[in-house]
Amino acid sequence: MVNGSDFTKRLEKILEYYSLTAAAFAEEIDFNRSTISHLLSGRNKPSLEFVMKLYKKFPEVDMDWLLFGKGTFPTSVQKELKEKIETQTPTSDKKVMDLFSDENSMKQTLRRPTTNSEKQIEKIVIFYSDGTFNLYEN
């Protein structure tokens, strides 16, 4: 059986970890705001539908930890990854191209022929919808 007050603390920890408000969390998992509010206040216990939606959106959350308090969240690997991402800041000396500001300058840049010797790919970063990413460096 799920302990309501302990579950509430674990749910609050998830919100804090992902820097989400209760309303933003409800939106993320496509759930009613009032239900989230009732869960956070301890009035209601989680339904199977709630748990399944949370797991679908945040598969890295261990269900044993969420429901029964067994294990940890976030895991040490998740903590390290989050800290690594947060400490990586873009360098100010690199120019970032804004795709929406000046359309004409963008067209001129795209029209200008370049040779392979002028530009080389330094790195490619692919971001996935689950918050993970892959970094490929030359």
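Here are some questions and answers about this predicted model, from its salt bridges to its aromatic rings and its surface.

Q: How many salt bridges does the count come to?
A: Let's start with the rule: a side-chain nitrogen of Lys or Arg has to lie within 4 Å of a carboxyl oxygen of Asp or Glu. One of the pairs that meets it is Glu 28 with Lys 57. By this rule the count comes to 3.

Q: What is the N to O distance between the side chains of Glu 28 and Lys 57?
A: Glu 28 belongs to helix H2 (residues 22-28) and Lys 57 to helix H4 (residues 48-57), so the place to look is between two helices, with the partners 29 residues apart. Glu 28 is partly exposed at 37% relative accessibility, and Lys 57 is partly exposed too, at 34%. Their side chains meet in a salt bridge with an N to O distance of 3.3 Å.

Q: How many residues apart in sequence are the parts that Asp 30 and Lys 53 tie together?
A: The closest N and O atoms of Asp 30 and Lys 53 are 3.9 Å apart, and the two form a salt bridge. Asp 30 lies in the loop between H2 and H3, whereas Lys 53 sits in helix H4, so the bridge ties together parts of the chain whose separation in sequence is 23 residues.

Q: Which residues do salt bridges that share partners join into one network?
A: Lys 53 is partly exposed at 25% relative accessible area, and Glu 49 is partly exposed at 49%. The shared partners give one network: Asp 30, Glu 49 and Lys 53.

Q: What is the relative accessible area of Ser 19?
A: Ser 19 is another residue other than glycine with a positive phi, near 55°. Ser 19 lies in the loop between helix H1 (4-17) and H2. This serine counts as exposed, and its relative accessible area is 61%.

Q: Which residue takes a positive phi just after H3?
A: Helix H3 covers residues 33-41, and at its start a side-chain oxygen of Asn 32 reaches to within 3.0 Å of the backbone nitrogen of Ser 34. Just after H3, a positive phi of about 85° is taken by Gly 42.

Q: Why is the pair of Phe 25 and Phe 50 edge-to-face?
A: A search of the whole structure finds 10 aromatic pairs. In this one the ring centres are 6.3 Å apart and the planes meet at 65°; planes over 60 degrees apart count as edge-to-face. The pair links Phe 25 in helix H2 with Phe 50 in helix H4, 25 residues apart. Phe 25 is buried at 0% relative accessible area, Phe 50 is buried at 0% as well, and the angle that makes the pair edge-to-face is 65°.

Q: What is the angle between the planes of Phe 127 and Phe 133?
A: Phe 127 counts as exposed at 64% relative accessibility, while Phe 133 is partly exposed at 24%. The two rings are 6.1 Å apart, centre to centre, in a tilted pair whose planes are at 40°.

Note on methods. Residues are numbered from 1 along each chain as its sequence is written. This is a predicted model: local features need pLDDT of at least 70, side-chain atom pairs count only at pLDDT 80 or more; totals for chains, interfaces and linings use all residues. Side-chain values use heavy atoms; hydrogens and water are left out. A polar contact is a pair of N or O atoms within 3.5 Å; within protein, one must be able to donate a hydrogen and the other to accept it, and residues adjacent in sequence count only if both atoms are side-chain atoms. Helices (H or I, at least four residues) and strands (E, at least two) are DSSP runs, numbered from the N terminus. Buried means under 20% relative accessible area, exposed over 50%, partly exposed in between (1.4 Å probe, protein chains only). Rings of Phe, Tyr and Trp (its six-membered ring) pair if their centres lie within 6.5 Å; planes under 30 degrees apart count as stacked, over 60 as edge-to-face and the rest as tilted.
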